[in-house]
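Dear colleague,

I am passing on the structure that you will be working with, and I would ask you to look through it before reading my notes.

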Amino acid sequence: MSEEEQIELLATDGMLVKRPLLATESRVLTGFKEAEWSEALK
C-alpha cells in the first residue's frame, strides 16, 4: 500500500488510529511519551 493510499484510508476512517503515531526517517513511535517524542523531533 502506498503512503498516499494509507493517508487516504486514515482520512476516511478515524477509528483506525487508536493512539498517537510518529514516523520519522529512522524510527516509528507509538503512544505518547514526551521525552521520546522530543528526542525524535530534534
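This is a predicted model: local features need pLDDT of at least 70, side-chain atom pairs count only at pLDDT 80 or more; totals for chains, interfaces and linings use all residues.

The mean pLDDT of the protein is 86, and 100% of its residues reach 70 or more. Confidence is lowest in helix H1, which covers residues 3-12 and has a mean of 86, whereas it is highest in helix H2, residues 34-40, at 92.

As for the fold, the protein contains two helices and two strands, and these come in the order α-β-β-α when one reads along the sequence. Its C-alpha atoms fill a box of roughly 30 × 20 × 10 Å along the principal axes. Of the 42 residues, 12% count as buried, and the accessible surface amounts to about 3,900 Å², with 54% of that belonging to carbon and sulfur atoms.

Turning to charge, there are 5 positive and 9 negative side chains, and the centres of these two sets lie 13 Å apart.

Which residues line the largest pocket? The lining is made up of Glu 3, Gln 6, Ile 7, Leu 10, Leu 21, Ala 23 and Val 28, and the volume of this pocket is about 190 Å³. Helix H1 gives the most to the lining, with four residues, while H1 and strand S1 (21-23) each supply at least two.

With best wishes

Note on methods: Residues are numbered from 1 along each chain as its sequence is written. Side-chain values use heavy atoms; hydrogens and water are left out. Buried means under 20% relative accessible area, exposed over 50%, partly exposed in between (1.4 Å probe, protein chains only). Accessible areas come from the Shrake-Rupley method with a 1.4 Å probe; for residues, only the protein chains shown count as cover. Lys and Arg count as positive and Asp and Glu as negative; His and the chain ends are not counted. The place of a charge is taken as NZ of Lys, CZ of Arg, CG of Asp or CD of Glu. pLDDT is the predictor's confidence in each residue, from 0 to 100. On a 1 Å grid over the protein atoms alone, a cavity is a set of points where a 1.4 Å probe fits but cannot get out, and a pocket is an open set with protein on both sides within 12 Å along at least five of seven lines; lining residues have an atom within 4 Å of a point. Grid points are joined across faces, edges and corners, and a volume is the space filled by probe spheres set on the points.
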